[in-house]
Amino acid sequence: MALRKIVEQGEDCLNKVCRPVTDFNRRLHTLMDDLLDTLSEAGGAGLAAPQVGILRRACVVMDDDTEEFIELINPTIVAQSGEQTGPEGCLSVPGKWGLVTRPDYVRVRAQDRDGNWFEAEGEGLTARCFCHELEHLDGHLYTEHIERFLTDEEVEEYFSKQEEGAG
Ligand code: ZN
């Protein structure tokens, strides 16, 4: 287990469509362990493989209800509903927050690190994080569809009421 360097906006690997994971081997397990370690250290809500320079469809998302990490490999969104607008940040865009509208409920289908298919669902911040991390796997950043960046004061005011959610 080890920490990996989180790449920042402007680096090519954040703009690529990632390839599916096909080998559920020890190398993948090491990647998933490193994503968990790196995310825990950074204190974010989610982290995708391309954010550490690996162009594979794998990410981790924190379930906002249980505060447990969900490992998602080859994930797709299979259902979504509702709408929420709120601040969103990204560990690859440090120090910035933007206002983004997302579905309020999202269900994903994915494989675990051993290749078993499962479904996971989330509301609120968890749903937002599913959307944010899955977009990373297609080379997109939340900054592409923000209404605007938030000022420091707005961010402070918002997070005095809620917990933060950087992915
Ligand atoms: Zn991100």
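Biologist: How much space lies in the largest pocket?
Modeller: About 320 Å³. This is a predicted model, in which local features need pLDDT of at least 70 and side-chain atom pairs count only at pLDDT 80 or more, while totals for chains, interfaces and linings use all residues. Residues are numbered from 1 along each chain as its sequence is written, and side-chain values use heavy atoms, with hydrogens and water left out.

Biologist: And what counts as a pocket?
Modeller: On a 1 Å grid over the protein atoms alone, a pocket is an open set of points where a 1.4 Å probe fits, with protein on both sides within 12 Å along at least five of seven lines; lining residues have an atom within 4 Å of a point. The volume is the space filled by probe spheres set on the points, which are joined across faces, edges and corners.

Biologist: Which residues line the largest pocket?
Modeller: Among them are Arg 4, Arg 19, Asp 23, Arg 27, Leu 28, Ile 54 and Arg 56. By class, the lining has 4 nonpolar, 3 polar and 5 charged residues. Here Asp, Glu, Lys and Arg count as charged, Ala, Val, Leu, Ile, Met, Phe, Trp, Tyr, Cys and Pro as nonpolar, and the others, including Gly, as polar.

Biologist: Turning to the strands, how many residues of S4 are buried?
Modeller: In strand S4 (residues 84-90), 6 of the 7 residues are buried, so the strand is largely enclosed by the rest of the structure. Buried means under 20% relative accessible area (1.4 Å probe, protein chains only). Strands are DSSP runs of E with at least two residues, and helices are runs of H or I with at least four, numbered from the N terminus.

Biologist: Which strand pairs with S4?
Modeller: S5 (residues 93-102) does, in the antiparallel sense over 6 bridges; pairing requires at least two DSSP bridges. Gln 84 stands opposite Arg 102 in S5, and the two strands form a hairpin with 2 residues between them.

Biologist: What about S2 and S3, how many bridges join them?
Modeller: 5 bridges join S2 (residues 58-62) to S3 (residues 69-81), and the strands run antiparallel. Their hairpin has 6 residues between the strands, and Glu 67 in the turn has a positive phi of about 60 degrees. Ala 58 stands opposite Ile 73 in S3, and Ile 73 also stands opposite Gln 111 in S6. S3 and S6 (residues 105-111) pair in the antiparallel sense over 6 bridges.

Biologist: Last topic: is Ala 127 buried or exposed?
Modeller: Ala 127 is buried, with a relative accessible area of 0%. Its place is in helix H2 (residues 124-136).

Conventions. Buried means under 20% relative accessible area, exposed over 50%, partly exposed in between (1.4 Å probe, protein chains only).
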